[in-house]
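Please examine the sequence and the structure before reading on.

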Amino acid sequence: SSTPPLLELDGISARYGKAVALDGVSLRVQAGEVVSVLGANGAGKTTMTRIITGLLPVASGTVRISGEDVSRLGPHERVRRGVACCPEGRQIFGELTVQENLLLGGYTTDKAARLTRADELCTLFPILGQRRAQPAGTLSGGQQQLLAMARALMSDPTLLILDEASLGLSPVAIDTVYEAIAGVRQAGLSILLIEQNAHRSLAVADHAYVLDRGRITYEGPAHHLDDVDRLSAAYFGAG
Ligand code: ATP
């Protein structure tokens, strides 16, 4: 049979107490794909990220990484299997240098391997290489997002999840972030973009999902949604 998807959510439900945050969500990311998940505030995007990374247990359904059921595995075990997440809000340590922030990423304790990986990421994101010895707090918002992405890439994942990568950034900074996303894809990784910024995210994505109040209301080619009428129909349930 064919290669299993890198990531698969199969009939996922998630709850906070009695409140249902995800209700029967299924989603796939195939190797080499950029997939966009769109949704308004409260749609369930953060919950989906927590379910994928293993920070929140599933109420029902299955999470698979490359065909393996990881539903009962912790966050660390999922990173080991090639899925890394760049969290919403970036969570950069402003007092620490760019290099120190990078070295906090990944899961290996092998110092030499970490330094080598940090070097590679400073080549992939040259601006970080130039600012390596500076406190991360002196970076612009866009540069801090690149640092957060690079830190997630320290584990050398096959799939990078970007949770609200462009939130709170200026248009110029968003350009920087999306250039970096293109670079990550060029390097052969798959990307799951969980974003409110539909326009930018759809422009790079192959496939898109719209999440509305915990359910998938659209699944299909990303370019199909880069049409305001179709997008609003998917968002507001008219289509
Ligand atoms: P936002 O962009 O505002 O973060 P989101 O799409 O990420 O929204 P979630 O944060 O996943 O949405 O929330 C989905 C639903 O679950 C919402 O109705 C929210 O109120 C609810 N919810 C989220 N976290 C909790 C929690 N800790 N306890 C109770 N309900 C929660």
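In helix H7, the residues Ala173, Ile174, Val177, Tyr178, Ala180, Ile181 and Val184 are buried (under 20% relative accessible area; exposed is over 50%, partly exposed in between, with a 1.4 Å probe and protein chains only). Because they cover an arc of only 155° around the axis, they are on the same side of H7; the arc is that of the directions from the helix axis to the C-beta atoms. The model is predicted: local features need pLDDT of at least 70 and side-chain atom pairs count only at pLDDT 80 or more, while totals for chains, interfaces and linings use all residues. Residues are numbered from 1 along each chain as its sequence is written, and side-chain values use heavy atoms, with hydrogens and water left out.

The face of H7 turned away from the buried side carries the exposed residues Pro171, Val172, Glu179 and Gln186. Helices (H or I, at least four residues) and strands (E, at least two) are DSSP runs, numbered from the N terminus.

Six strands form an open sheet of mixed pairing, in the order E6-E7-E8-E3-E9-E10; two strands pair if DSSP finds at least two bridges between them. Strands E6 and E10 stand at the edges with a single partner strand each, so one side of each lacks a neighbour in the sheet.

| Helix | Residues | Angle to E8 |
|---|---|---|
| H1 | 45-53 | about 145° |
| H7 | 171-186 | about 150° |

Conventions
Contact means heavy atoms within 4.5 Å. Axes are lines fitted to C-alpha atoms, for helices over the stretch in contact, and angles run from 0 to 180 degrees between N-to-C directions.
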